Each structure stands twice: as structure tokens, then as C-alpha cells.
Amino acid sequence: MNDPWLLLGVPRDADDETIRRAWLDAVRRYPPERDPARFQAVRAAFERIDTRRHRLAHVLFEAEPPDLDTLIALALSNARDESERKPQQDAQSARPTPEVLRRLLGESERAMNEQPVTKEQRTINEQRAADKP
Amino acid sequence: MGKTKAKNRARVTHPTAPSAVNADKPLERVDAALVAGRYKDAVAAGKLLLKQASSDADEAMAKERLARAYAGRAGQLAAKSMFVEALAILEQRASACGAAPPAIEQMLWTLHAGRPERAAALLREHAQALDRSGELPALRERLAARLLSGDELLEWLDPDEPLRRDHPAAEALLQAFCASDDFAFDATAKRIPWRSPYRGFRQLLDAWRRHADEPEAAVEAFARLAPSSPFGALAGRLQGLLEPPGEALPEAVARLRALDPVDLDAAAAVLGWPATVLALLRAARTLGDAANEKSRLRLLLEHADAFDADEVRDAARALMLHAPQMTREVFSRFGKPSAFQAARLEALRSERDGDESIVVDDAWRDVLEALENSDESAESPPKFADRALTRALVHRRLAELWSLPPLVLHSSAVALEELGRSLELDPDDVPTTVRLISMHRDADDLKSAREVLDAAIERFPDEPRILLEAVRTALAGGAFKKASRLAERLLEIDPVNVPVKTLLLDAALAHARKQIRASRFDLARRQLDETAVQVGAGEPRARVEIVYGLLELASGERGAETVARSRLRAGFDALGGELAGLFAVALESVRLGRDAKMTLTRAKLPSARGFATKEAVRVLVRALSAVREEKSSLAAALVPLETTLGTVAKKRWSHAEYENICETLLRRELLHVLEPFAERASRRHTQVPAFVYLHEYAAVRGAFFALEEAAIVRLQAASRHAMLIEDMRTVHRIEEFLSPPMFGGFDDTGADWFDEPADDLFVGPSGKSSPFAGLPSPDELPPALLELLDLIGVEGMMEIERAVARGEEPDTVIERLLGELDIDPETRLGDLPKGSGRARERGGKRGRSGRR
């Protein structure tokens with residue numbers, strides 16, 4: 001993902017302080033000793049947009065095209081924003097529709113038909129699963 | 001081929017299958033097939049076994065095996081949702097083996113096969129037996145899930161059957177959950193008894209609704225549901241689909257991209273994504289990570305509805321730069337960009353395509369012009385509403401452009417001008433201020449450096465970076481005491497400032513040198529004694545020892561030469577000895593205006609010839625990389641080492657080692673030292689175009705006009721090779737080397753305006769067999785040409801080139817341009833007053849660039 005706003009999880013109009021807080025959160029989440037690659041990525045993202053001057057320069061001169069992860073993240077971010085705009089709902093506590101829930105229940109029950117019928121075969125399958133590295 | 005594939009598939013599916021089974025022994029075959037899960041084979045072998053049974057015991061044993069084989073086969077078919085076929089197998093099993101069908105499977109498969117009335121009858125028939133065996137609750141849970149998923153079984157169930165009795169409450173619970181009505185949920189949940197088949201469902205929904213606020217408790221609650229129940233199975237699935245609270249987008253993207261298509265659909269449904277997002281995710285999954293810019297742009301255009309309108313437009317434009325063939329589609333979808341945006345995109349494209357610097361320069365100037373005239377608020381959001389800052393940033397970009405090596409012809413002057421304009425528009429930018437000061441200083445324009453510095457200190461009185469520049473500028477001007485004072489002030493503000501400590505040492509040593517040069521040896525000794533106390537041990541102390549040694553050598557006092565040798569030897573040893581140690585002594589000697597070779601001889605230090613090793617050169621290169629010094633001083637300090645370096649250059653170095661050495665020497669502009677290394681590197685690593693460039697560049701000391709035709713051919717071939725292996729730095733370097741901005745590209749087709757010099761304007765030194773033989777040296781341009789440049793600017797020169805490309809005569813174009821400037825074309829340019837700068841005075845676009 002190569003979009004610094006998405007990497008830090010801040011909106012496009014975030015100010016210096018919001019971005020700094022997001023950066024500190026990210027550092028706590030990805031300390032360099034545990035996840036150096038991610039730490040480097042968020043640090044680079046922070047340095048690209050930490051000031052108004054840098055943000056404008058990034059928008060003005062950035063020529064790196066968005067990668068696939070960035071496009072997906074843009075769409076997800078938009079979906080989350082849309083969801084948050086809806087009354088009494090946010091993306092994290094979204095509930096499925098009754099139809100979706102019925103479908104999921106049906107799928108789960110139907111998937112149970114994949115279990116073996118005979119007890120002997122069940123034992124063999126369990127043994128195989130236990131032997132798997 | 002088909003058979004081989006089938007064999008492989010069988011091997012993969014049943015890894016434990018014995019490789020060979022005796023066809024004459026059906027018992028062994030059936031047992032092996034049963035263990036391996038090859039039930040179709042087991043049925044065939046079981047039938048054979050039953051046929052061959054010669055006693056009741058054998059028949060019973062064969063029927064038992066066959067019954068297991070049938071059951072396994074029926075299970076396989078049911079797993080593929082072939083329920084009718086599975087039931088048929090159960091019937092065959094009953095007739096062939098006399099085995100009653102397994103009640104639970106028979107009931108569920110009958111239900112799945114679309115016969116709810118028969119399933120209800122089977123439930124009634126087997127309920128008591130299943131209750132006794134303890135299997136009834138599990139069956140009822142599965143049936144509960146079927147009922148909640150909308151199965152028609154409900155109406156066929158007895159009224160007192162718990163599945164029917166508790167169904168209204170379970171259905172109300174489902175509705176309350178989906179409507180996020182927690183009050184109704186709690187009330188309804190109480191109506192579901194402890195032993196109800198819907199109890200697992202209640203637990204599932206209760207855990208789910210707690211997931212947003214109490215994720216850990218929810219996970220524990222999910223885990224309490226038996227995975228063998230449909231509700232437990234769904235709980236397990238949900239844990240992979242639900243977003244952990246506070247999950248960052250990168251994690252969410254990674255998690256979602258790992259989901260298979262079925263779970264992706266489920267996640268979309270669970271999380272309530274719009275259909276547009278799900279469609280995008282499905283398409284992205286198909287596209288994969290290898291998708292190029294064109295594919296990504298197509299994806300974006302096809303799924304634009306999944307994005308925010310401004311973001312999708314900006315992303316499409318960014319991708320369009322890399323997929324120009326889709327420009328029309330992007331414009332048609334999102335409208336044509338504003339003049340400013342169009343100019344910005346063109347400038348980025350120009351940079352990306354590696355256009356010549358002058359073309360990129362033009363493109364960014366168009367951005368500035370468009371910014372002046374356009375109403376950027378027409379595009380939302382108006383990111384560039386702060387026009388002053390936007391313009392400042394573009395000027396900064398131009399400064400960067402003209403600071404890129406190896407641009408020649410006053411490029412640093414343009415960079416300075418652009419940085420100055422940038423600071424006028426954005427005076428609070430400390431890094432740019434620092435850069436401008438250091439560039440003035442590097443250009444030996446201390447007066448301008450001090451002007452900028454004074455204004456900066458007034459604006460940022462306690463800014464360490466500015467104070468550091470003040471120290472450096474004071475040192476550059478020989479104001480050592482002032483530098484020390486400034487350094488001390490800086491250390492008060494920033495006590496751990498390492499660069500200033502180094503500068504402080506530099507200042508002290510520079511002051512000591514000044515005293516030595518003035519033969520004030522006592523003052524120099526006092527300075528060095530004080531410095532020695534301050535710096536402690538290590539490299540700084542070694543530097544003090546070397547200067548002290550040189551002081552003693554210069555003093556000529558009785559016994560001083562012995563002391564000098566002792567101190568110089570101490571400094572030499574402390575710096576690691578060998579070539580790096582010799583270089584350090586030689587460089588200090590040059591700083592004092594002494595001959596390096598003579599100094600090393602007098603110091604009786606070991607000869608450089610004794611250190612002709614690769615390791616010694618590695619250390620020396622590191623030292624060269626670290627030292628800040630004029631190239632002339634470096635070159636003078638390296639004189640005693642040159643023969644040795646030439647010898648070591650012939651040793652076998654790796655590609656990376658040659659690259660490191662050559663790039664360091666190029667950066668330090670030590671082209672005469674670079675030449676033997678680059679020459680050897682280009683011979684030894686013939687497949688590396690960068691070495692060809694370095695060799696040719698060093699051989700002519702960077703003067704493109706001195707290149708012979710054969711060298712140009714080699715460089716052109718190297719450029720093509722570099723292009724093939726995507727070594728764009730070398731491509732760019734060769735292009736800039738062969739075609740400095742004002743002279744056009746080496747691969748231009750057709751005649752350039754300078755190919756046929758007009759009159760005496762373009763008469764230069766002759767004698768070289770080169771396409772540039774008729775051209776003047778960049779550093780020795782004829783005064784007339786310089787004046788023409790001064791009058792019409794680079795823009796004017798470019799205009800001449802464009803006009804010639806259109807077929808006009810150079811003389812005609814020059815006359816026209818001079819006419820526009822009200823200069824009589826008949827007037828010899830040499831007769832004009834010097835530095836008339838008419839184009840600048842005119843203030844128009846043409847004169848804007850000034851002379852580069």
C-alpha cells in the first residue's frame with residue numbers, strides 16, 4: 001500500500017496533530033523490533049504528510065500510481081465512511097440482513113454434510129488430521 | 001496423458017492408499033480401499049467378497065465390509081450435495097447388506113433432497129431411539145439451523161416438537177439482532193428455554209453483538225459453541241470474517257485478500273458492504289498482485305462507483321500517467337482536468353519519461369503559469385488553494401531539477417534563483433533556507449550566503465539548523481572565532497549536536513592553521529593544546545596530533561623535527577595508518593599550503609607503495625567519502641598515493657566494489673583517480689553500462705566536447721544496454737552527458753540549429769573528430785554566444801531550436817528574436833554592451849529563465 005493517509009488511517013483533511021497521533025499509534029502497534037518492515041512503511045508515510053508543506057508536496061508531485069492494495073483500501077475506507085454516515089450504525093458493529101444471516105446458517109449446516117458418515121472413517125480422518133505437520 | 005493425470009489425482013486425494021493391491025484377494029482390496037477412503041472401489045471389492053463368501057461367517061464379514069463401503073460412498077455423494085444419489089446408495093445398502101440406514105443422515109439428506117414431509121416422518125419414527133442414544137439434541141440443532149435458514153420442514157413437524165414450539169422466539173431473536181434492537185433481543189432471548197434446540201443460536205447471536213465492544217469476550221463465547229454444531233461452525237467462520245475493532249486498513253486489506261471467494265461474499269454480507277465494493281474485491285482477486293497500471297486503471301474505471309468521487313478521479317489520473325493509452329477514457333469518465341492539473345500531469349509525465357531537463361523545466365513553468373490563471377477551486381477538493389505555497393513548492397522542484405548531476409552550464413545558478421523565489425513565497429521553510437545558504441556557500445558566494453543567513457537568524461534565532469549553517473559559513477569565510485562563538489551558542493541550545501562538535505573541531509584546527517601560516521607558532525600551540533583537552537581521544541585527537549606535527553615541522557625550531565615526526569606518526573597510526581593515514585597527513589599538509597609529497601617524505605612516514613592492498617583502498621575510499629573538502633585539495637592530497645591507487649585499480653574487484661569506489665570518486669569529482677578504476681571496471685565487467693559511462697566521463701574529465709566519435713558510439717551502445725536492463729540512472733547520465741540542456745539530444749533526428757553554426761557565433765576550437773568539434777567548450781563559450789544567451793535566455797535558444805526543426809533558417813530566427821528585442825540584427829553581438837540582459841529587463845516569459 002503506497003498511500004500515506006491510508007497507511008496511517010487518517011482522513012485526507014487531517015491536520016498535523018491528528019497525523020502525529022496516528023503515527024504514534026502506529027509505532028505502538030508496529031514497534032520496530034517486532035515488525036521492522038511495517039514500522040519503516042508507516043514512518044515513511046508519516047514523513048510524507050507530517051506537515052502541511054509535505055502534504056501539499058506529496059499531492060503535487062507524487063507520481064507513484066496506486067497499487068492494488070491501495071485501491072482496495074480506498075474502496076473499503078469509502079465503504080466504512082458511508083456506513084458511519086448511516087444512522088445508528090458503524091462499520092464495526094454492522095449487522096447482517098436477515099437474508100444474509102439465514103444464508104450463513106444454511107451454508108454452515110450444509111457444510112456439515114461433508115463430515116464422514118461412518119465412525120471408522122471419522123476416526124481415520126481425525127488420525128490423519130493429527131498426523132499433519 | 002489423461003490417465004497419468006487421473007493417477008496423480010488419486011495419489012493426491014488418497015495419500016495412504018497402498019501402491020499395489022492384490023486383485024485376487026478381495027478382502028485385502030476392500031480393507032485397503034476403506035482405509036484409503038476409496039469407497040467406490042470398496043463397494044466393488046465388497047460385492048466380489050460377498051459373491052465369493054463360502055460360509056455364513058464369511059458372508060456376515062463381507063456384508064459388514066460392504067455396508068461400510070456403501071455408507072462411505074453415500075457420505076461422499078452427500079458432501080457433493082448429491083442427496084438423492086446418496087439416499088439411493090443407502091437403499092442399496094439396506095437391500096444388499098440388510099443394514100438399516102443411519103437415521104440422522106437419512107433424515108437430513110431427505111430434507112436436503114426436498115422432501116420435508118418424509119424427513120418429519122423419519123424424525124417422529126426415530127426420535128425415541130435417538131433420544132436414548134443421546135444423538136437427538138445434535139440432530140435437533142442441525143434441524144434448527146435448517147429451519148432458521150428458511151426450510152419448509154416447520155409445517156410438517158408435530159405442534160409439541162421443540163423445534164416448532166420454540167421457532168417463533170428464535171425467529172424474533174433473529175429479527176431483533178439484524179435490526180440492532182438490543183432491547184427486543186434481550187426480551188426475546190429469555191423466551192428460549194435452556195434445553196431448546198435454538199439455544200446455540202441464541203449464544204451465537206449474543207457473542208456476535210458483543211464483538212464490537214468486547215471482542216475478547218465475544219471470541220471466548222464463540223469458542224464455547226461446539227464446532228460440531230451448525231451454530232459453532234458459523235461462529236468459527238465469523239471469527240475470520242468480522243473486523244477486529246480498530247483494525248487498521250492495511251490489516252483489513254491483507255485479511256480480506258486472503259479470503260476465498262465464498263468467504264469474501266460472506267464477509268461482504270456480514271459487514272454490510274455495498275455490492276460495488278464486493279464486485280471490486282472479486283475483480284481484484286481475479287486480477288492478482290501482478291496487475292500492471294493499465295489493468296489497475298481498467299479495474300478502477302469499471303468499479304468507480306465503489307470509490308469516493310474525488311479519490312477515484314485522482315487515482316485514475318495517477319495511473320493514467322503510466323498508461324497513457326487510456327487518457328481519453330479517463331478524461332471522458334472524469335472530465336478534462338483544469339489547465340493547472342493538465343500542466344501538472346504533463347510535468348509529471350515529462351519527469352517520468354526522462355525528458356531532458358530543459359523540457360521538464362518548461363513543463364513545470366507551465367504549471368506555474370497555469371496556477372496564476374486557473375481557478376483551482378473548480379476541482380474539488382481544492383488541494384492547491386494555497387497558491388503561494390504551491391508555487392513555492394514548484395520553484396523548489398525546479399531547483400531540484402537543476403541540482404541533479406551532471407548538469408552543466410550554470411545549472412546551480414538556476415537552482416539558486418529558484419530556491420530564492422521559493423523562499424520569497426514560503427519564507428518559513430527551514431530546510432530550503434539551509435539548502436540555499438549551503439548552495440551559496442558551495443558556489444563561493446559568501447556574501448549571498450550571509451545575506452540569506454542574516455535574514456534567517458532574524459526569523460529563526462534559536463533554530464539549530466540555521467545556527468549550524470552560520471557556523472559553517474563563518475568557517476568558510478575564515479572567521480574562526482565567530483564560528484567558535486556560534487558553535488558554543490548552538491551547543492547551549494542543542495548540547496548533543498554532533499555535527500557542531502565536528503565543526504567546532506574544524507574551527508579550532510582552521511584557526512590553528514591560520515596561525516601556523518602566519519608563523520605565529522605559539523598561538524597555534526596554545527590553540528591546539530586547548531583543543532586537545534576538549535576533544536579527548538580517538539579520531540579528533542588524531543587530527544589535532546597531525547596539525548600539531550605539521551606545526552612543529554613548519555616551526556624549524558631545534559629538535560622540533562623529531563617531535564613533529566612523533567606526533568605525525570601518532571596521528572597516522574590513530575587513523576588506521578596505511579593509505580587512509582597517509583591521506584589524512586597529506587590533506588592537512590595541503591590545507592596548510594604545503595606540498596603533500598614533501599611533507600610525507602619529511603615526516604618519514606611509510607611509503608604508500610607498501611600499502612598497495614585492496615583493504616587499504618577500501619578504507620581510503622571510506623575516508624574520502626566522509627571528508628568535506630574542495631576537490632582541488634583532495635586531488636593535491638592524493639598526489640603521493642596516485643601510483644599506488646593505479647596499481648590497486650588493476651586488482652580483481654567485484655562489481656559492487658568497483659561501483660562503490662567509482663561512485664565515491666565521481667561524487668568527489670576526482671576524475672583523474674576515477675579513470676583507472678572505471679577503465680578496469682569497464683574491461684572486467686563488460687556487461688555493466690554504468691562502467692562504460694564512468695570510464696568515458698572520467699577519460700575526458702567530464703567535458704563532452706572532448707569525446708571522440710568512437711567514445712560516443714560506445715556511450716550510445718551503453719545507453720541502449722542500460723535501457724534494456726532498466727538501469728535508468730545510467731541512461732539519464734549518458735543522455736545528460738551527451739546532450740546538455742541547451743544542445744538538444746544526441747539521438748535527435750534531423751539537423752539541429754547548432755549543426756551548421758551561423759557566422760562566427762558558433763565557431764569553437766577545432767581538431768577533434770567529434771560531432772561537437774565545431775562547438776565551444778561549455779566553460780569557454782564565445783562571448784558572443786554568452787551575450788546572445790543573456791539577451792534571449794534559454795527559452796529563446798529553445799525557440800531557435802524549435803524554429804529550425806520547423807524548417808526555418810537559424811539566422812532568420814535569430815534576427816527575428818533580436819528584432820523583438822529592438823536590437824539591430826546587423827549589430828555585431830560583440831559590440832553590444834556587456835550584460836545588457838535585455839530579455840530579463842523585458843520581464844517576459846522568454847527572459848524569465850535567465851541565462852543557464
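Predicted model: local features only at pLDDT ≥ 70, side-chain atom pairs only at ≥ 80, totals over all residues.
Let's start where the chains meet. On one side, 72 residues of chain B are in contact with 53 residues of chain A. Which helix gives the largest share of the chain B side? That is H4 of chain B, residues 56–79, with 7 residues. Sorted by class, the chain B side of this contact has 44 nonpolar, 10 polar and 18 charged residues.

Now to the cores. The largest nonpolar core holds 124 residues, and among those with the most contacts inside it are Val471(B), Phe583(B), Cys662(B) and Leu694(B). Take Val471(B) as an example: leaving aside residues up to four places away in sequence, Val471(B) touches Ala483(B), Leu486(B), Ala487(B), Leu490(B), Val500(B) and Leu503(B). There is also a second, separate core of 116 residues, including Tyr198(B), Leu249(B), Ala284(B) and Val312(B).

H17 of chain B, residues 275–287, and H18 of chain B, residues 293–302, have axes that come within 10 Å and cross at roughly 165 degrees. Angles over 145 degrees count as roughly antiparallel, so that is how H17(B) and H18(B) run relative to each other. The crossing is right-handed. From H17(B), the contact uses Ala283(B), Ala284(B) and Leu287(B), while H18(B) brings Ser295(B), Leu299(B) and Glu302(B). By class, the residues of this contact are 4 nonpolar, 1 polar and 1 charged.

Thanks, everyone, and I'm happy to go back to any part of this.

How values were computed
Residues numbered from 1 in each chain as written. Chains lettered and ligands numbered in written order. Axes fitted to C-alpha atoms, helices over the stretch in contact; angles between N-to-C directions. Helix = DSSP H or I, 4+ residues; strand = E, 2+ residues; numbered from the N terminus. Parallel < 35°, antiparallel > 145°, perpendicular 65-115°, else oblique. Left-handed = near helix turned anticlockwise from the far one by under 90°. Contact = placed C-beta atoms within 7 Å. Nonpolar A, V, L, I, M, F, W, Y, C, P; charged D, E, K, R; others polar. Core = buried A, V, L, I, M, F, W, Y, C linked by C-beta atoms within 7 Å. Buried ≥ 20, exposed ≤ 12 C-beta atoms within 10 Å, placed from the backbone.
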